[in-house]
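Here are my notes on this model, point by point. Please read them with the coordinates open.

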Amino acid sequence: MLCQRTIDGPAHAIGIGVHSGRPVRMTLRPADADTGIEFQRLDKPGRPIRARAENVSDTTLATSLSEGGVQIATVEHLMSALWGLGIDNARVELSSEEVPIMDGSAQPFVEIIQGAGIRNLAVPRKFIRITREVSVSQGEAKATLSPYDGFRAGYTFVADHPVFNRYPKTIEVDFASTSYLDEVCGARSFGLMRELDQARAIRKCLGSSLDNAVGIDDDEIVNTEGLRYEDEFVKHKLLDAIGDLYLLGLPVIGAFDGYMSGHTLNNKLARALLRCPDAWVLQALPTTRRRQAYSLH
Ligand SMILES: [Zn+2]
């Protein structure tokens, strides 16, 4: 039987919020079995905020949670890293409202958690196994979960831009054969430089820079270091979707397909699934035969 996992000791990160632009200190701590992932604002003492799809309160350019009137912003990259490491339970303490953006990917979170170590808990790990297709759409955008024996994720984005046109816009990853840690977690956020002013006008991206995103101007990538992967753009969209889906509270056994879906539609999909109890079952895996396929590296 696969066991639930938590972090083995405290892990610290210091950075800035990409949207608030404010400095923030984060500490990840161990948590008991069946706690799930929960956030605690140290500047606003009170009950922890559970990392659950039903607590998502804002999906404008990032996924934010709110519970008991307290908000936690930009959780998706951290949630993606926690999924990738198979961490079921952790307490995330923050000195202010936003998870630090680090380098714009999930890799720094993976590294600090690996540095602190991972501990098995003597309680079986639970999964959500998809038993029938659930799909949501918004205009042209669409997101779907369907039955699959493992975890497969596909994503397609559409953007007619000279830079995007040079790189893959479609990806499909079967985590039975591809490692999230080796192949996905390093994909950084990206954005068009000409859209930065619009974002800042609505008090978003105030901390955004070439240290935490790939910047794109009218016909080239602005960062001198270039891309980490040929398909870094579409891979980051997949990384985001994985983090958004982990707000289901448990890892999925099934297939995700996103077509132009962003945080809003990803959350709509998670909520739709939770509203359809006939579309999934809770399951503990009987063997460790295909650990990697279920995010246990
Ligand atoms: Zn992202």
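1. Six bridges join β2 to strand β3 (residues 23-29), and the two run antiparallel. Strands here are DSSP runs (E, at least two residues), and helices are runs of H or I with at least four residues, numbered from the N terminus. Two strands pair if DSSP finds at least two bridges between them.

2. A word on the basis. This is a predicted model, in which local features need pLDDT of at least 70 and side-chain atom pairs count only at pLDDT 80 or more, while totals for chains, interfaces and linings use all residues. Residues are numbered from 1 along each chain as its sequence is written, and side-chain values use heavy atoms, with hydrogens and water left out.

3. β2 and β3 belong to an open sheet of five strands, in the order β2-β3-β9-β4-β5, with mixed pairing. β2 (11-16) and β5 (49-50) are the edges; each has a single partner strand, so one side of each is left without a neighbour in the sheet.

4. Another open sheet has three strands, ordered β6-β7-β8, with antiparallel pairing. Its edge strands are β6 (56-58) and β8 (70-72), each pairing on one side only. Neighbouring strands are turned by 40° against each other on average, direction ignored; the axes are lines fitted to C-alpha atoms, and angles run from 0 to 180 degrees between N-to-C directions. Three bridges hold the antiparallel pairing of β7 (residues 64-67) with β8. Within it, E67 stands opposite V70.

5. Now the metal. H77 (NE2), H236 (NE2) and D240, through two OD entries, coordinate the zinc ion at 2.1 to 2.7 Å. Donors are N, O and S atoms within 2.8 Å of the metal (3.2 Å for Na, K and Ca); water is not among the atoms, so sites may look incomplete. The donor spacing in sequence is H-x158-H-x3-D. H77 in helix α1 (residues 76-84) and D240 in helix α5 (residues 232-245) lie 163 residues apart, so the pair links distant parts of the chain.
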